[in-house]
Amino acid sequence: MTCIDRRDLGLLLIRLSTGGVLAAHGAQKLFGWFGGGGIEGTGQAMEAMGYAPGKASATAAGLAEAGGGVLLALGLATPAAGAAAAGAMAGAAAVHVPNGFFAQSGGYEYTVSLGLAAAGLAVAGPGRLSLDHLMGHAVNRGWMVPVALGTTAAVTAVVVGVRNNRVRTAREGKQEALFEK
């Protein structure tokens, strides 16, 4: 092994920051840590956002964020970890799209940034300062990147599509009359 270079240090920093933030968000959903709602509270929130059933949606999002975040931080199973986290962030971004881009207005800026960082790590790989490298890249093969990202994109498209349809249908039921009687 040659000496550690700037790229390895940069990837480590990106993995630790992105993975750490994602793991914390997942812990909020799963365990109620850091002021989160836990499965119960997050499940109710997920139902209100159009993701049903709420508890199952909260569990899936929490596992994708916490599990993907921890694995990204460790640099282990990087393609799957990055894809899972990116999928969770795409689901979160769908909720924020009506509020515009910037997070200060409730927009999707933050979720997209985390999702793209996670997807970028899935593509770039974890670098040499990682468990993947230490384990000979047994769970970080080149073919895993398109499989993980493609599978996650397909599942996310279905889940977000069903959610958007549910929200649209609920909104149509509350539409005001177009003409007065």
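**A walk through a helical chain**

Ala77 sits in the loop between H3 and H4, where H marks a helix: helices (H or I, at least four residues) and strands (E, at least two) are DSSP runs, numbered from the N terminus. This is a predicted model, in which local features need pLDDT of at least 70 and side-chain atom pairs count only at pLDDT 80 or more, while totals for chains, interfaces and linings use all residues. Residues are numbered from 1 along each chain as its sequence is written, and side-chain values use heavy atoms, with hydrogens and water left out.

Let us stay with Ala77 for a moment. Its phi is near 55°, a positive value in a residue other than glycine. Is Ala77 buried or exposed? Ala77 counts as buried because its relative accessible area is 16%, and buried means under 20%, exposed over 50%, and partly exposed in between (1.4 Å probe, protein chains only).

Now step back and look at the whole chain. Seven helices run through the chain, and there are zero strands. The C-alpha trace spans about 80 × 30 × 30 Å along its principal axes. Of the 181 residues, 38% count as buried. To see how the chain folds back on itself, look at contacts (heavy atoms within 4.5 Å). Among the contacts that join residues at least 6 apart in sequence, 67% link residues at least 24 apart.

The largest pocket holds about 800 Å³ of space. Met46, Ala61, Ala88, Gly91 and Ala92 are the closest to its centre, out of 35 lining residues. A pocket is an open set of points on a 1 Å grid over the protein atoms alone, where a 1.4 Å probe fits, with protein on both sides within 12 Å along at least five of seven lines; lining residues have an atom within 4 Å of a point. Which helices supply at least two residues each to this lining? They are helix H1 (6–31), helix H2 (38–48), helix H3 (54–74), helix H4 (78–96), helix H5 (109–124) and helix H7 (144–173).

Ala88 lies in helix H4, and it counts as buried because its relative accessibility is 15%. Leaving aside residues up to four places away in sequence, Ala88 touches Ala61, Ala64 and Glu65. Look along the chain from Ala88 to Gly100, twelve residues apart, and you will find their C-alpha atoms separated by 19 Å.

From there, move to helix H3, where Ser57 lies. Ser57 counts as buried because its relative accessible area is 16%. With residues up to four places away in sequence not counted, Ser57 touches Met46, Tyr51 and Ala52. Ala52 leads us to another feature: the peptide bond from Ala52 to Pro53 is cis, with omega near -5°. It stands out because most peptide bonds are trans. Pro53 itself lies in the loop between H2 and H3.

Tyr51 is a contact of Ser57, and Tyr51 also touches Arg163. Where is Arg163? Arg163 belongs to helix H7. Arg163 counts as buried because its relative accessible area is 8%. Besides Tyr51, the contacts of Arg163 include Met49, Gly50, Ala94 and Val95, again without residues up to four places away in sequence. Arg163 and Ala94 are 69 residues apart along the chain, and their C-alpha atoms are separated by 8.9 Å.

Gly37 lies in the loop between H1 and H2, and it is partly exposed because its relative accessible area is 46%. Gly37 touches Gln28, Gly32 and Thr42, not counting residues up to four places away in sequence. The C-alpha atoms of Gly37 and Ala58, 21 residues apart along the chain, are separated by 9.8 Å. Finally, His137 is found in the loop between helix H6 (131–134) and H7. His137 is partly exposed because its relative accessibility is 24%. Phi of His137 is near 60°, a positive value in a residue other than glycine.

How values were computed
Grid points are joined across faces, edges and corners, and a volume is the space filled by probe spheres set on the points.
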